[in-house]
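Open the model in your viewer and keep the sequence panel beside it. This tour goes stop by stop, from the whole chain to single side chains.

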Amino acid sequence: MGLFNKIFGGSTDESNASGIPWIPLENEDQLNIITEQSKLRTQVLFKHSTTCGISRMVLNMFTSNFDVPEGEMDMYFLDLHAYRNVSNKIAEVFQVVHQSPQLIIVKDGKVVFHTSHGAISDVDLKQYQ
């Protein structure tokens, strides 16, 4: 079981397992903050399913390739199982169909890019700074 957990993850607090300065996305009111802050710097939302091996694998790849200097972007982490209502509100506010895993980039008050699944690993965040 140890190898399985290493590959697909076994932690319930997966956002703390990386060097990414994640901000927990836990309530709908934060979406207003994200929209306003996106006028100052890029906001990145990572929607993750804690029970999905593919989502865990994508999160691991994203984390290992992350190279944005701290303070350049705000990085939000959404645990879909704990905060599904927030995911639903993201779809409504930003007009992006729900997927998991999903990466959404917000700049100047609107979504400038979004993708899901394995394509997340190919995203060059620096081009959205």
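How many helices and strands does the chain have? It has 4 helices and 5 strands. Helices here are DSSP runs of H or I with at least four residues, strands are runs of E with at least two, and both are numbered from the N terminus. This is a predicted model, in which local features need pLDDT of at least 70 and side-chain atom pairs count only at pLDDT 80 or more, while totals for chains, interfaces and linings use all residues. Residues are numbered from 1 along each chain as its sequence is written, and side-chain values use heavy atoms, leaving out hydrogens and water.

**Stop 1: the whole chain**

The elements run α-β-α-β-α-β-α-β-β. Now show the surface. Its accessible area is about 6,800 Å², and carbon and sulfur atoms hold 50% of that. Such areas come from the Shrake-Rupley method with a 1.4 Å probe; for residues, only the protein chains shown count as cover. Of the 129 residues in the chain, 40% are buried. Buried means under 20% relative accessible area, exposed means over 50%, and partly exposed lies in between (1.4 Å probe, protein chains only).

Contacts come next. A contact means heavy atoms within 4.5 Å. Among contacts with a separation of 6 or more, 69% join residues 24 or more positions apart.

**Stop 2: the sheet**

Select the strands. In what order do the 5 strands lie in the sheet? The order is β1-β3-β2-β4-β5, in an open sheet with mixed pairing. β1 (22-24) and β5 (110-116) stand at the edges with a single partner strand each, so one side of each has no neighbour in the sheet. From one strand to the next, the twist averages 25°. Two strands count as paired if DSSP finds at least two bridges between them.

Zoom in on β2 and β3. They run parallel, joined by 7 bridges. Pick Gln 43: its bridge partner in β3 is Asp 74.

Move on to β4 and β5. This pair runs antiparallel, with 6 bridges. Ile 104 has His 114 as its bridge partner in β5. The hairpin of these strands has 2 residues between them, and Asp 108 there takes a positive phi near 55°.

Axes are lines fitted to C-alpha atoms, for helices over the stretch in contact, and angles run from 0 to 180 degrees between N-to-C directions.

**Stop 3: Ser 49**

Select Ser 49, in the loop between β2 (42-48) and α3 (53-65). Is Ser 49 buried or exposed? Ser 49 is buried, because its relative accessible area is 9%. Show its side chain with that of His 81. The two make a polar contact at 3.0 Å. A polar contact is a pair of N or O atoms within 3.5 Å; within protein, one must be able to donate a hydrogen and the other to accept it, and residues adjacent in sequence count only if both atoms are side-chain atoms. Leaving out residues up to four places away in sequence, Ser 49 touches Ser 55, Leu 80, His 81 and Ser 100.

**Stop 4: salt bridges**

Side chains of opposite charge can pair when their charged atoms come close. The rule used here asks for a side-chain nitrogen of Lys or Arg within 4 Å of a carboxyl oxygen of Asp or Glu. By that rule the count is 4. Visit three of them.

Go back to Asp 74. Asp 74 forms a salt bridge with Arg 41, with the closest N and O atoms 2.9 Å apart. This pair links distant parts of the chain: Asp 74 is in strand β3 (residues 73-79), Arg 41 is in the loop between α2 (30-37) and β2, and they are 33 residues apart. Asp 74 counts as buried at 11% relative accessibility, whereas Arg 41 is partly exposed at 30%.

Next, select Lys 39 and Glu 36. Their side chains meet in a salt bridge (3.2 Å, N to O). Lys 39 is partly exposed at 47%, and Glu 36 is partly exposed at 46%.

Finish at Lys 89 and Glu 92. Their salt bridge is 3.3 Å, N to O. Both lie in helix α4 (residues 84-94), 3 residues apart, about one turn of the helix. Lys 89 is partly exposed at 25% relative accessibility. Lys 89 also touches Glu 28 and Leu 31, not counting residues up to four places away in sequence.
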